[in-house]
Amino acid sequence: MATSILIVDDTELILKMVSAILIKDGYEILTARDGFEALEVIKSTPPSLAILDVMMPDMDGYTLCGRLRQTPTTAKIPIIILTALTDVENKIKAFDSGADDFLAKPFEPQELRARVKVLLRRVSEQEPVKRNAVSGKVIAAFSLRGGSGVSMLASNLAASFTQIWGTPAALVDLAFVNGQSALFLDLPLRTTWTDLARSPSNEMDIDMLNSVLLRHDAGVHVLASPRRPEDAGTITPEHVQRAIELLRLHYHYIVLDLPHDFLETTLAGLDMADHILLLTCAETAAVRCAANALGTFEQLGYPPDRTTLVLNWPFEGKGLPRAGIEAALNKEIGVVIPYAGDMVVSSIMYGKPPTLQIPLNALGAFLEDLAYRYSKEEHKQNPPASAGEGLKRIKGRVQARQKKS
């Protein structure tokens, strides 16, 4: 059966051009001239992929994309936005509406064909979560101070676990208002927490969860923050607890990207964490926030050894001395993330974590070593057969350090 592609554009010439390009690759082509016609076509013949123009009468491409994403039967259809609007604002609108890719007019036929093939291959390669029950380790990245590097650390840890142990890792975005975990991995918001929150928490199962997770080619499976801030209120602490419980049975590593607050949903994540990485920076406000967090952890009855204090240097130049920070917090700093300047900015801008993009660079290697440090002891003692190149790199660095000492 031929793979079908729906092309939606109110310009006859564009419909014919795109159709002619893709017919050569053996695709079955469906067409519609506006959003309402497209919905009728999809209802009778669901396509394998959709290409949507933005500027259409009555219903623009962003609205159509959003409607497809909000409907369970069409939520996972790969979508390319094709438009003459090339500014950054419209690209953001495309991805916020749930598009998988954005292609500007005029386009090269080879580029369109390549992007279609990549999206279709990505969908075909997505396998459901294996049902073998495991005992997953939950690691939470947290700070009460925005800009401390929580999402950067969380996304790199999750990516590192996949590279070290060769198994998928789950990245859970609990920052329900404007969370950025998917952005840090350049993943479109096809499905989010909102899709889970439509049902009571006690009805959530692994199949439902599996249908909502976004998949990165490196093996990171992301439970993404809602697209709209107003959807945050639909997610309950019970939803959070149930999702983590399920993930724990199917993933060896679950990383929580937490917001800068102590809302009930945040507390649900912190309560279930095996280890908390509390980030701070070498400036007064960040240290004060860390003190408040540590005080709250104590009131909650969290054991002191469950939390590691992480000092991040997101800015160049002098800051508060390490000894002064430790004295103020009455806690030793366990990890210091070095200043990496433009490298971090670039990785965030393009959604390419250093641990994946440049694992041999000092920052990539540091983050990979950090993930190994917080890996399960059973994996360190008896590496699984699935262990990947990341473990080889770590062992190589250990040997190099031993030779120098």
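Hi everyone, and thanks for coming. Before we start, a word on how to read the model: residues are numbered from 1 along each chain as its sequence is written, and side-chain values use heavy atoms, with hydrogens and water left out. Since the model is predicted, local features need pLDDT of at least 70 and side-chain atom pairs count only at pLDDT 80 or more, while totals for chains, interfaces and linings use all residues.

Let's begin with helices. Helices here are DSSP runs of H or I with at least four residues, strands are runs of E with at least two, and both are numbered from the N terminus. When I give an angle, the axes are lines fitted to C-alpha atoms, for helices over the stretch in contact, and the angle runs from 0 to 180 degrees between N-to-C directions.

Please find helix α6, residues 150–165, and helix α18, residues 389–404. At what angle do α6 and α18 pack? The angle is about 90°, and the axes are 4 Å apart. The two helices are therefore roughly perpendicular to each other. That word covers 65 to 115 degrees; under 35 counts as roughly parallel, over 145 as roughly antiparallel, and the rest as oblique. On the α6 side the contact uses Gln 163, Ile 164 and Trp 165, and on the α18 side Glu 389, Gly 390, Leu 391, Arg 393 and Ile 394. Contact, by the way, means heavy atoms within 4.5 Å. By class, we have 4 nonpolar, 2 polar and 2 charged residues in the contact of α6 with α18. For those classes, Ala, Val, Leu, Ile, Met, Phe, Trp, Tyr, Cys and Pro count as nonpolar, Asp, Glu, Lys and Arg as charged, and the others, Gly among them, as polar.

Stay with α6, please. It also packs with helix α16, residues 362–373, at about 75° with the axes 8 Å apart. So α6 and α16 are roughly perpendicular too. Among the α6 residues in this contact are Met 152, Leu 153, Phe 161 and Trp 165, and α16 brings in Leu 367, Glu 368, Leu 370, Ala 371 and Tyr 372. The residues of this contact divide into 10 nonpolar, 3 polar and 1 charged.

Now a pair with another arrangement. Helix α10, residues 237–248, packs with helix α11, residues 264–272, at about 30°, with axes 8 Å apart. That angle makes α10 roughly parallel to α11. The residues that touch include Val 240 and Ile 244 of α10, and Ala 268 and Met 272 of α11. By class, the contact of α10 with α11 holds 5 nonpolar, 3 polar and 3 charged residues.

Next, some single residues. Is Ser 19 buried or exposed? Its relative accessibility is 10%, so Ser 19 counts as buried. Buried means under 20% relative accessible area, exposed means over 50%, and partly exposed is in between, using a 1.4 Å probe and protein chains only. Ser 19 sits in helix α1, residues 12–23. A polar atom of its side chain lies 2.6 Å from the backbone oxygen of Leu 15. Leaving out residues up to four places away in sequence, Ser 19 touches Ile 7, Ile 29 and Thr 31.

Pro 168 is in the loop between α6 and β7, and is partly exposed at 37%. Which residue lies 83 places from Pro 168 along the chain, with the C-alpha atoms 6.8 Å apart? That is Tyr 251. Beyond four places in sequence, Pro 168 touches Thr 162, Gly 219, His 221 and Tyr 251.

Last, the backbone. Most residues other than glycine have a negative phi, and most peptide bonds are trans. Here are some spots that go the other way. The peptide bond from Lys 105 to Pro 106 is cis, with omega near -5°, and Pro 106 is in the loop between β5 and α5. Asn 178 has a positive phi, near 70°. This residue is in the loop between β7 and α7, and is exposed at 57%. Asn 330 also has a positive phi, near 55°. You will find Asn 330 in the loop between α13 and β13, exposed at 74%.

Methods
Polar contact = N/O pair within 3.5 Å; in protein donor to acceptor, adjacent residues only side chain to side chain.
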